[in-house]
Amino acid sequence: MADPRRQDVAVLALRDGRYIERRTGPILQGETCIGRVFSYVDVTEEKKRQDAVEREKNRAEDASRAKGAFLAVMSHEIRTPLNVVIGLTEELLAGQACEPQRGHLRSIQEAAAHLVGVVNDILDFSKIEAGKLVLERGEVDMRRVLEGVAAVFAHEAAQKGLALTAAVDDGVPAVLLGDAGRLRQILVNLTANALKFTAAGAVSVRVSLVPGTPGETEDVHTTLALRVADTGPGMDAAQCARLFQDFEQGVASTSRRFGGTGLGLAIARGLAVRMGGNITVESRPGEGSTFLCTVRLAPADGKGMAAPAAATPAAAAHEPLRILLVEDNALNAAVARLHMGRMGHELTVAASAHEAWDMLARERFDVVLMDIEMPEVDGITA
């Protein structure tokens, strides 16, 4: 039974198009309710304003989703031929090309790889904007992740005469659950940014545990702090405020002097937010910059852990494999066939998921390589 002493608020739509807010409350005599009082207020204009704001919000969200979907499609269409260029260039470099030709081929390869990096940034950004970024859940060894990041930039740091240090604090668990690839991407973006703008001195990358009280709520998690510090030129408050905006860099002339799309930090922040954290920066002109990224990962205590993958036979690394490649792009398939043939493997190509299903029903394959984005049935669905 409803409590007669309760207070209620309701907005009622009238036939003439107006909206009335009705408030009701009890009339008490001591602890006893002896009646109720009703009051009515015309809230038509306020309701119209709220509806207008809601419509604008929905239009903005629809536009953002449409933009994200368009960028994702265009990025895929651009990246596919670029990958073909890179693959065929590798094959030519492995052949008998003379030295002048090899120099041209290496230049083509570097330019194509740079463009693929730009397209990948746009693709990741569009997925984050459209809310379609899916994080994986697997075992994360932060020491291994950090070692990989340090290995990527060791040569660049040495060429610039910079000291690059990377460390994981003792308190960080050996294994956590999360998306190791996206964590690596955050660290790569932050480290690349630090190296780009640091002319002398050092860049340090450190992973530490943020003290917390796991177990007090059902949302048990481990929060990590990823710090990337540099001895670069530093930034003032206005530059820091612009830093994480899409397609923005610290100063207007940055993209002309250093290159880049200005998406790296925006993507890193988007990934951090998706992982329950954020990225902030502390910087002063002439004193370098320190980026602090926090992420929330699940403890690897066996809860929700996936079953371990089946062991691969030792001979599989040496014996020829029968591989089914599901790829609708003929040039991509040709490049894959060249690579696999050189490695001694037998490659069969299916142009669609339906064709692949028919082949799998008749034949046995050791490995299936599946393109994610295909017509009719995409790779994930397949």
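This is a predicted model: local features need pLDDT of at least 70, side-chain atom pairs count only at pLDDT 80 or more; totals for chains, interfaces and linings use all residues.
Q: What makes arginine 59 and glutamate 56 a salt bridge?
A: Their side chains meet at 2.1 Å, N to O. The cut-off is 4 Å between a side-chain nitrogen of Lys or Arg and a carboxyl oxygen of Asp or Glu. The distance is within that cut-off, so the pair qualifies.

Q: Where do glutamate 56 and arginine 59 sit relative to each other?
A: Both are in helix H1, residues 44–93. They are three residues apart, which means a separation of about one helical turn. Glutamate 56 is partly exposed, at 45% relative accessibility.

Q: How do you know that arginine 322 and glutamate 363 form a salt bridge?
A: The closest N and O atoms are 3.0 Å apart. That is within 4 Å, so the label holds.

Q: What does the pair of arginine 322 and glutamate 363 tie together?
A: Arginine 322 belongs to strand E11 (residues 322–326). Glutamate 363 is in the loop between helix H9 (353–362) and strand E13 (367–370). The pair therefore ties together parts that are 41 residues apart in sequence.

Q: Are arginine 322 and glutamate 363 buried, partly exposed or exposed?
A: Arginine 322 has a relative accessible area of 26%. For glutamate 363 the value is 32%. Both values lie between 20% and 50%, so both residues are partly exposed.

Q: Why is glutamate 21 called buried, but arginine 23 partly exposed?
A: Glutamate 21 has a relative accessible area of 18%, under the 20% limit, so it is buried. Arginine 23 has 42%, between 20% and 50%, so it is partly exposed. The two form a salt bridge, with the closest N and O atoms 2.9 Å apart.

Q: What makes lysine 47 count as sitting over the ring of tyrosine 19?
A: The charged end of lysine 47 is 4.7 Å from the ring centre. The distance limit is 6 Å, and the charge must also be within 35 degrees of the ring normal. The distance is within that limit, and the pair is listed as a charge over a ring.

Q: Over which face does arginine 322 lie?
A: Over the face of phenylalanine 365, at 4.8 Å from the ring centre.

Q: Which members of the largest nonpolar core touch the most other members?
A: Met142, Ile186, Leu224, Leu226 and Phe291, out of 43 residues. The largest share, seven residues, comes from H4. Leucine 226 is in contact with residues including Met142, Ile186 and Phe291. A second, separate core has nine residues, among them Leu324 and Ala350.

Key
Residues are numbered from 1 along each chain as its sequence is written. Side-chain values use heavy atoms; hydrogens and water are left out. Buried means under 20% relative accessible area, exposed over 50%, partly exposed in between (1.4 Å probe, protein chains only). Helices (H or I, at least four residues) and strands (E, at least two) are DSSP runs, numbered from the N terminus. A nonpolar core is a set of buried Ala, Val, Leu, Ile, Met, Phe, Trp, Tyr and Cys residues joined through side-chain atoms within 4.5 Å. Contact means heavy atoms within 4.5 Å. Lists of a residue's contacts leave out its neighbours within four places in sequence.
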